[in-house]
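Me: I have a model open and would like to learn how to read its side-chain features. Can we take them one kind at a time?

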Amino acid sequence: MTTRPDIVLFLTDQQRFDQVGYGSGGHFETPNLDRLARSGVIFENAYSASTVCVPARVALLTGFEPHRVPTQENPFALREGFWTLAHELRSAGYETALIGKAHFAPVHAQHGFETLRLCEHLSAQGLGPLSRERDDELDDYHDWLLARGYPDWRFEEARPAGTPGPTHVFPYGPEVHPTGWVEREATELLDRRDRSRPLFLVVSFPHPHAPYNPPEPYASMFDPADARLPDGGFEVNEGLPLVCQLALGNARTRAAAGDQQHLGRLLATVRGLIKHIDDAIGRLVARLDLTSTLVAFTSDHGDYAGHRGLLRKTPWMPFDDLARVPLFYVGQGVAGGRVVSNLVQSYDFALTALDYAGMQPGVGDFDSRSLRPMLTGRAQAADLDRSAFSCIGMGWPMVRHGSCKYFVHAQQQTPVLFDLDHDPGERVNLADDPHYADIRRELSERLTERVTKPPLADVDVGVAPSWKAEAAH
């Protein structure tokens, strides 16, 4: 019998598909990610389930469209007891752990992880009565900071959602920064793990999402004068329908994105944050045996980063800036050294992991697929020809098939259609072009079918341990 592999997911927060070295011609310095990616399989056209953190992460853990699953505490946070990859792997004997950002509500909500060591963006957690009832509104990083005499600087830096925020140097050393904290906690987990059991580990970095605060030496590592500013500003949106222009025009980050000096500083700062993460991942991967481990890397969603004349992720529209994410796999059972241009979903991860673990999920009607046929080089035509979806249930449902992307404003049903082969900047709306009438009709039908899939409120895992036991570490 083949030994079940360890499975490790490295996850970042709000990192564009082109904010890695291999996807930016080396502008972003990520030598560790580049080495891993080039020895594995890079998916050039991977799409997240959502342009927003919580639903994107729900999809990664479940393989389901986030609008189909039951929630608690806020409109997006997964209800405890619902099926997850972690529950399934744990029931099969895997040791399960999540280190870093989870964005659960309550903070230590039970979703199948034996070990939770969390570092969150607490001001955006979306907590409510259940969290207060459990006294579960703070994370492990908070406790760690206070135990060592540091104030929890996050509460001092909290800003209204959607505002760009300043760039500044983290006031303490890199080991106190969230990236350093996540690395150390993951290292300790790898050192103390139960080696008689296979491991499922999620290492989830809270950056390069704001606050833009790398520690030294990363804060001054990159010159703002060397930043690659996007071609064009807010004027690139002039060819879009009015409902899109209004949503984009109301974004709070528009003025900051138009300040070229500020934008240069911000982009240099993001490069520093990503370099810090890359260094941490390099040291963690050195502790893994890739001959017996399946490793995946992705981000929950992207960032405008000055494109379309905006910053961050508001409005939550499914442009490639936000919906397309970096994705690669490497390790056991991966026929590496390849770049795949076919469409995939980042949340194919759940079924891919189960496939490599030799397991059939105890539930069905997934919205995702296993990528194992593509990773082993044995893909069939059906594996290669598929549509990618994003933002279903988020107000701007989207489908892409081939080079064409179609989305609508959910309330007004205003259609938007791009041909990315000819318009990678997504500037020209072809929805009323008679040459694209058949494509628009086909994509509209595919999108309607996905939007109208029934909810999955009864897909439960049975009786789970108490939430306090689940959060133990």
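**Salt bridges**

Reply: Start with a charged pair. Lys405 and Asp320 meet through their side chains in a salt bridge, 2.7 Å from N to O. Lys405 sits in strand E12 (residues 404-408) and Asp320 in helix H11 (residues 320-323), so the contact ties together parts 85 residues apart in sequence. Both Lys405 and Asp320 are buried. Keep in mind that this is a predicted model.

Me: How many salt bridges does the rule give?

Reply: The count comes to 28 salt bridges. Take Asp140 and Arg117 as another case: their closest N and O atoms are 3.5 Å apart. This pair also links distant parts of the chain, with Asp140 in helix H5 (residues 140-147) and Arg117 in strand E4 (residues 115-118), 23 residues apart. Asp140 and Arg117 are both buried.

Me: Where do Asp348 and Arg386 lie in the chain?

Reply: First the contact: the side chains of Asp348 and Arg386 form a salt bridge at 2.8 Å, N to O. Asp348 is in the loop between strand E9 (338-345) and helix H12 (349-356). Arg386 is in the loop between helix H14 (381-384) and strand E10 (387-390), and the two are 38 residues apart. Both Asp348 and Arg386 are buried.

Me: Now the rings. How many aromatic pairs are there?

Reply: The count is 21 aromatic pairs. For each, read the distance between centres, then the angle between planes. Trp83 and Phe366 lie 5.3 Å centre to centre with 75 degrees between the planes, an edge-to-face pair. Trp83 is in the loop between helix H2 (53-62) and helix H3 (85-91), while Phe366 is in the loop between H12 and helix H13 (372-375). They are 283 residues apart. Trp83 and Phe366 are buried.

Me: Are Phe113 and Phe200 stacked or edge-to-face?

Reply: Stacked: the Phe113 and Phe200 planes make 25 degrees, with centres 6.0 Å apart. Phe113 comes from the loop between strand E3 (95-100) and E4, and Phe200 from strand E5 (residues 199-208). The pair links parts 87 residues apart. Both Phe113 and Phe200 are buried.

Me: Which residues form one aromatic cluster?

Reply: Tyr141, Trp144, Tyr150, Trp153, Phe170, Tyr172 and Trp181. Rings can also have a charged neighbour, as two arginines here show. Arg254 lies over the face of Phe234, 3.7 Å from the ring centre. Arg324 lies over the face of Phe17, at 3.9 Å from the ring centre.

**Strand E4**

Me: Which way do the side chains of E4 point?

Reply: In a regular strand, side chains alternate between the two faces of the sheet. In E4, Thr115 and Arg117 point one way, and Leu116 and Leu118 point the other way. All of these residues are buried. Then look for the partner strand. E3 and E4 pair in the parallel sense over four bridges. Gly100 stands opposite Leu118 in E4.

**Cysteines**

Me: Why does Asp139 count as buried?

Reply: Compare its accessibility with the cut-off: buried means under 20% relative accessible area. Asp139 counts as buried because its relative accessibility is 1%. Asp139 is found in the loop between helix H4 (129-134) and H5.

Me: Which residues is Asp139 in contact with, leaving aside neighbours within four places in sequence?

Reply: Val107, His108, Leu118, Cys119, Glu120, Leu122 and Arg154. One name returns from the strand: Leu118 belongs to E4, and Leu118 is among the contacts of Asp139.

Terms used. Residues numbered from 1 in each chain as written. Predicted model: local features only at pLDDT ≥ 70, side-chain atom pairs only at ≥ 80, totals over all residues. Heavy atoms only, no water. Salt bridge = Lys/Arg side-chain N within 4 Å of Asp/Glu carboxyl O. Buried < 20%, exposed > 50% of the residue type's maximum accessible area, 1.4 Å probe, protein only. Phe/Tyr/Trp six-rings, centres within 6.5 Å; stacked < 30°, edge-to-face > 60°. Lys NZ or Arg CZ within 6 Å of the ring centre and 35° of its normal. Pairing = 2+ DSSP bridges. Contact = heavy atoms within 4.5 Å.
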